[in-house]
Amino acid sequence: MALKDILPSRLGFGAAPLGNMFRAIPEEEALATVEAAWKDGIRYFDNAPFYGAGLAEIRMGEALALKPRGEYVISTKIGRLVLDEIEDVSESGFGENGVFKYGRSNKVVNDYSADATLRSIEGSLERLKTDHIEIVWVHDIAQDFYGDEWLSVFESARTGAFRALDRLRDEGAIRAWGLGVNRVEPIELLLDLKEPRPDGFLLAGRYSLLDHDRALQRVMPAVAERGLGIVVGGPYSSGALVGGPNFEYAPATPQILDKVARIKAIAGRYGVSMKAAGLHFALANPAVAGVIPGASRPERISEDRAAFEEQVPADFWRELRQAGLINPVAPIPDAD
């Protein structure tokens, strides 16, 4: 089934911040953020065991526990198994950056086998307080996490997780599966295989105003041709697009900051918010089924909704293209 037929709307909620990404978020603030998303009408929630070693799933499960289960869609991920064993989180988290160093202290191990896939889903179901999950993404089988070993990790997932998820989808236990990655190469590799049969992909950071050239070469056209779909994660490029200090979970380079400044100058002349520019650019591509900005404060939800509904002049996109700030073949709203 195509992702667009599963997702209840094109604007969803990315739960990574709920895992105490970058900072220790008070429990009441995290729960209030999910509640704000619900009141705003958001009905697609993406999560992962990796986000704070299960903390994001626990918080989301608590916040959604009394909501009608048939009214919303959950996606989560496999590949990182949360154990009962406790470890020093300063040595884990998000690689050496320790993005989730404020999360739970449970040990997280990498395992893409079929057995670990089933155990991971069982753990997610318990933390999320639900009896089913609609979409499962295979998490981070790419160079950014595994370096030169990524192809062997991919092969482990191909013979383990991929086949298990194909079976679960065909049996009706889940509705869809695919990869949840920050790089395009694993998607390209999977699309070249005759089997298995993914339903779509969650691509974070690679189809944004600040970084989209590589995805346009093969991934977006191939996904559209196959009738699949892309969920775009990180539409604000770890916050860099909207004035934050980070790009790719690390301090933004001078080149990135310069590009942001140039886009912002043009946006200012047209009265366009940077959040609207980021969301509308991603959603203009026909391969994109939805976009999931992350939020850790309730007020961010209303900002995202306002940006989603904002009217952006076609001349704004034309000027960005003329200035060389977006790829000349990238689809742009109302301007082609």
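User: How much space lies in the largest pocket, and how is a pocket defined?

Analyst: On a 1 Å grid over the protein atoms alone, a pocket is an open set of points where a 1.4 Å probe fits, with protein on both sides within 12 Å along at least five of seven lines. Points join across faces, edges and corners, and volume is the space filled by probe spheres set on them. Here that gives about 1,000 Å³. Bear in mind this is a predicted model: local features need pLDDT of at least 70, side-chain atom pairs count only at pLDDT 80 or more, and totals for chains, interfaces and linings use all residues. Residues are numbered from 1 along each chain as its sequence is written, and side-chain values use heavy atoms, leaving out hydrogens and water.

User: Which residues are closest to the centre of the largest pocket?

Analyst: Lining residues have an atom within 4 Å of a point. Of the 47 here, Pro17, Met21, Ser238, Gly239 and Gly294 are closest to the centre.

User: How do I read the sheet: what is its strand order?

Analyst: Strands of a sheet pair through backbone hydrogen bonds, either parallel or antiparallel. Strands are DSSP runs (E, at least two residues), numbered from the N terminus, and two of them pair if DSSP finds at least two bridges between them. In this open sheet, eight strands run E1-E2-E3-E6-E7-E8-E9-E12, with parallel pairing. E1 (13–14) and E12 (288–292) are the edges, each pairing on one side only.

User: How many bridges join E3 to E6?

Analyst: Four, between E3 (residues 73–78) and E6 (residues 135–139). Ile78 has Val138 as its bridge partner in E6.
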